[in-house]
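Student: I would like to work through this structure with you, one question at a time.

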2 protein chains.
Amino acid sequence: MDTDTRSKKTQCIEDLRRKVLTEVLEPGVYLDETELADIYGISRPPLREVLRQLAGEGYVVLHENRGAQVAPMTHKTLRNFFVAAPMIYAATTRLAAEHATPAQVVKLKECQWAFRQAIKSGDAAERALGNERFHSIIGEMADNEFLMPSLRRLLIDHTRIGMTFYNPRKLHLAPQRELAADQHDEFIALIETGDADAAADLAVAHWELSRAQIESFVTPESINIPLGRAPGAAETRGAS
Amino acid sequence: MDTDTRSKKTQCIEDLRRKVLTEVLEPGVYLDETELADIYGISRPPLREVLRQLAGEGYVVLHENRGAQVAPMTHKTLRNFFVAAPMIYAATTRLAAEHATPAQVVKLKECQWAFRQAIKSGDAAERALGNERFHSIIGEMADNEFLMPSLRRLLIDHTRIGMTFYNPRKLHLAPQRELAADQHDEFIALIETGDADAAADLAVAHWELSRAQIESFVTPESINIPLGRAPGAAETRGAS
DNA sequence: AAAATACATATTGTCTACATTAAACTTTTA
DNA sequence: TAAAAGTTTAATGTAGACAATATGTATTTT
């Protein structure tokens, strides 16, 4: 048995984050406070705090008197993503190469090992979350509280979009996924060496791979999720 | 009489933001939930939601079982600020010039008019908040949800630091403040014209003015605010 | 006298119950 | 029959009371 030392509230936050990132909770879906409070075994006031925090982190959007909605992804979202991503990724990766501590590099290597395993035999969620964690650690290495907020928001949507890229059933994408994993190894090498310029260049190249994939399979239809509350559609509400 | 249509909670959020930005609540100071709830006439649960939201926005930092602390400013904070600011300001200003709507330009002009008034006869808080609002509107013009979070965090510390620059008693800085206001007019002109390249350049120039000022009067001592709770120092707690 | 422990106090964290608001349904009227 | 108004219902928003945790103080022991 694993005695989870985390508080129920912390578990709730982390689980909701995971469910949003893996699109178990789809973009645009409205959440039911009472239902979530029951699920995570806490009362509504602390759950509402959790939702406020997740709103601050960009996972959900709060509407007054109408509850919390999983952050929608519109056509504009994707366009803005394409504008912001290369800049933020390049900047944070450069800073990571300049500031990374040995302990952080170890952590990044462990994360990459797990990511390789996921690419080999994991499901889409494991892979996408593994990738998110990898880039999140690079963000921590950059150690800049002014860039981190934007990086975190980018990673939310990058991960959600990536669920398609990392789908094991898309066999033809396997080579690209291997390439992405190989680039992760390059990240580690350059960060460990402290080669900031090369790291920044690699970040852009890594981004271009993502960009090409996203453009190839994301159509406006698939990202235009209905924003309104689905009337009576129970399975679109809550976190099962 | 002004019938304030905003909810008490909204007023609370906005007032706390203002107090943090103007350093009425100094960096590092701990907040008392009960006291704040009394002041704003709401109970603790909704106040705790407010604090979570402000934490998400970067105004405060939450410590488990130890309450909320006004976001500290350390030496590292300032170093990171110098790294991130030019990049984010240039990018958002460029996007603003590309995307600004006529209505937004009108809003920006109105803001600039008020800012001029504040420079002429206002106090430090009015000036600093006016400047914050000006750049916040440019951020809205950029209309990019991935860059806005970093911009907002930059503006928090830029405004707090700016309280020194905008102090009316520092007469020798008057010419520099006029220059800053003149640059704001240039921003408006370039954004209205849609000259993205020139706008981005101006953003960097405007930043260099700030940077020079900050470097000239910010010494490590003055930004190293004690992080611990001041024991029994009643006036350092709460929002009077 | 100094350190450690036990106690007291104050603050944070949470829960239940209630108030308020928005949505859905029903009923009435043109 | 269709539209509009009233009513019902279910969700969000809030308050007050209680529980748990941390800090400060006093006491005890070495």
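Student: Which residues come nearest to DNA strand C?

Tutor: This is a predicted model, in which local features need pLDDT of at least 70 and side-chain atom pairs count only at pLDDT 80 or more, while totals for chains, interfaces and linings use all residues. Residues are numbered from 1 along each chain as its sequence is written, and chains are lettered from A and ligands numbered from 1 in the order in which they are written. A residue is near a strand if its C-beta atom, placed from the backbone, lies within 6 Å of it. There are 20 residues around DNA strand C, and those that come nearest are A:Ser43, A:Pro46, A:Asn65, B:Glu33 and B:Gly67.

Student: Which element gives the most to the side of chain B that touches chain A?

Tutor: Contact is counted when the C-beta atoms of two residues, placed from the backbone, lie within 7 Å, and 23 residues of chain B are in contact with 23 residues of chain A. Two or more residues on the chain B side come from each of α3, α4 (75–99) and α7 (148–165) of chain B. With 8 residues, the element that gives the most is α3(B).

Student: Are helix α4 and helix α7 of chain A roughly parallel or oblique?

Tutor: In chain A, helix α4 (residues 75–99) and helix α7 (residues 148–165) pack with their axes 10 Å apart, at an angle of about 130°. Angles under 35 degrees count as roughly parallel, over 145 as roughly antiparallel, 65 to 115 as roughly perpendicular and the rest as oblique. Therefore, α4(A) is, relative to α7(A), oblique.

How values were computed:
Axes are lines fitted to C-alpha atoms, for helices over the stretch in contact, and angles run from 0 to 180 degrees between N-to-C directions. Helices (H or I, at least four residues) and strands (E, at least two) are DSSP runs, numbered from the N terminus.
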